[in-house]
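Please keep the sequence and the coordinates at hand while reading.

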Amino acid sequence: MTVRVAVSGASGYAGGEVLRLLAAHPDVEIGAVTAHSSAGELLGAHQPHLRSLADRVIEPTTTDTLAGHEVVVLALPHGASAAVAAELGDDTLVLDCGADHRLVDADAWTAFYGTPHAGTWPYGMPELVLDHGERRQRDLLARVRRVAVPGCNVTAVTLGIQPGIAAGVVESTDLVSVLAVGYSGAGKAARTHLLASEGLGAAVPYAVGGTHRHIPEIEQNLRAVGAGEVSLSFTPTLVPMSRGILATTTARLAPGADAAAVRSAWEDTYAGEPFVQVLPEGQWPTTAATVGANTALVQVAVDERSGRVVTVTALDNLVKGTAGAAVQSMNLALGLPETTGLPVEGVAP
C-alpha cells in the first residue's frame, strides 16, 4: 500500500523533520509541500539537508493544494491548524503537530492559549498508559481520521513518570519537572533571544511559574494514566544544543513502595515497547544518544533520603517529540506496522 502525503508548514523545523522521515518511508509518496510566506520558493532553500526533495517547489497552503491526498500533516503554528483541518474531508487522515486539538478541557485551552477551543482529536501518543495499565493509547488510534500529535515536552515528562503513577508507586500531588530543551524546540522564527550570540554559552529558563502551555496537557495525560489530583511544578530551560530534551521528574514515593517495586513498574510498563526503553541500572540517558531517532530513553532511581523517585528521560524533540510521533500515529491509523519508516539508531558523536 502506498499513500500520498501532503505536508503543510514544510519550511519549518517540524515540517522538515516530517519530510525527512517520510522520504525514507516505504509506503509513502510525498505529495504537496506547502507553507505561507515561503510559497513559490524551492524547498532546498529552507531545508537544504533534504537533498531528494530540494527541487520541490513550496506551494501555498490552500484547500485545493491539500485536497486529493490520503494523509495531510499540519506542522503549523498553534491556532492555525483548526481552520485548515475543517476544510479537509472526513476521509482524509489529518495529523496536527500543533496544539489545537490536544486538550479535552476547553477552559484549560482558553486559559493557556487565549483563543476558542477547536475541539479534541484522538491523541497521538501510542505508549500512553490508560486506566492504570489496562489499555494503551495505540488501541484508540486504529483507523482514526484525525490525530493530535503531543507536545514534545509533554512526551518527555509523560513517558518518564507515567509508569510510577499507573503502578501506584509514586504520588501525583507533588511532581517536579525540570527540563533542558534544545533551541529547535522554540521554532524557526528569527527572534533576538534565539540568536547564537545570545544562546551559546547560556542556559535560559522560560515560561517559569506555571505558565508553560504544556502543563495542562501533561496533567491530562497523567489523569488518563490513573492519577486523581495532579500537582505539577514545571520549569523548562533552553540550553545550547540544537535538538533534544532531557527531562528530570521527581515524585514522592508512595507509602509501602520500595526501590524494587519502582524498578519493576518502569520495566514492566515498557517491556516490548519498540521506541521507549528503560536503560540498565546505573546508565543515564543522554540527548546525544537519541539524535535523529524515534526513541525515548528512560532511567529511574529512588532517593531514599528524600523519599522521592527520580526519573530522567531523553528524546529528540523533533523526532519522538513531534515528527516521529506523527508518523508512528499515521502508521497505526493506516493499519501499517507501527515501526515502519522510523529509526531507532541515534547519530553519534
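Pro349 lies in the segment that follows helix H9, where helices (H or I, at least four residues) and strands (E, at least two) are DSSP runs numbered from the N terminus. A cis peptide bond, with omega at about 0°, joins Ala348 to Pro349. The model is a predicted one, in which local features need pLDDT of at least 70 and side-chain atom pairs count only at pLDDT 80 or more, while totals for chains, interfaces and linings use all residues. Residues are numbered from 1 along each chain as its sequence is written, and side-chain values use heavy atoms, with hydrogens and water left out.

Taken as a whole, the protein has nine helices and 15 strands. Its radius of gyration is 19 Å, close to the 20 Å that the globule rule gives for 349 residues, so the protein is as compact as a globular protein of that length; the radius is taken over C-alpha atoms, and the rule is 2.2 Å times the number of residues to the power 0.38. Along its principal axes, the C-alpha trace spans about 60 × 45 × 40 Å. Of the 349 residues, 54% count as buried, where buried means under 20% relative accessible area, exposed over 50%, and partly exposed in between (1.4 Å probe, protein chains only). In the protein, residues 24 or more positions apart account for 70% of the contacts with a separation of 6 or more, a contact being heavy atoms within 4.5 Å.

One part of the fold is an open sheet of six strands in the order E3-E2-E1-E4-E5-E8, with parallel pairing; two strands pair if DSSP finds at least two bridges between them. The edge strands, each of which pairs on one side only, are E3 (59-60) and E8 (146-148). Helix H9 (residues 319-334) packs on this sheet, where it touches E1 (3-8), E2, E4 (71-74), E5 (93-96) and E8, and its direction makes about 155° with that of E5. Such axes are lines fitted to C-alpha atoms, for helices over the stretch in contact, and angles run from 0 to 180 degrees between N-to-C directions.

Helix H1 (residues 13-23) has as its buried residues Gly15, Gly16, Glu17, Val18, Leu19, Leu21 and Leu22. These buried residues pack against E1, E2, E4 and H9. Glu17 also belongs to a network of salt bridges that links it with Arg20, Arg243 and Asp316, a salt bridge being a side-chain nitrogen of Lys or Arg within 4 Å of a carboxyl oxygen of Asp or Glu.

Elsewhere in the chain there is antiparallel pairing. Strand E9 and strand E12 (residues 245-252) pair in that sense over six bridges, and the bridge partner of Val178 in E12 is Thr248. E12 and E15 are also antiparallel, over eight bridges, with Val310 in E15 as the bridge partner of Thr250.

Which charged pairs connect distant parts of the chain? The structure holds 14 salt bridges, and one of them joins the side chains of Glu29 and Arg4 (3.5 Å, N to O). This pair links Glu29 in strand E2 to Arg4 in strand E1, 25 residues apart; Glu29 counts as partly exposed at 43% relative accessibility, and Arg4 likewise counts as partly exposed at 32%.

Arg102 forms a salt bridge with Glu217, whose closest N and O atoms are 3.4 Å apart. Because Arg102 lies in the loop between E5 and helix H4 (106-113) and Glu217 in helix H7 (residues 215-225), the pair ties together parts that are 115 residues apart in sequence. Arg102 counts as buried at 3% relative accessibility, and Glu217 counts as buried at 1%.

A further salt bridge joins Arg308 to Asp174, with the closest N and O atoms 2.9 Å apart. Arg308 lies in strand E15 (residues 308-315) and Asp174 in the loop between helix H5 (152-167) and strand E9 (175-181), so this pair ties together parts that are 134 residues apart in sequence. Arg308 is buried, with a relative accessible area of 15%, whereas Asp174 counts as partly exposed at 26%.
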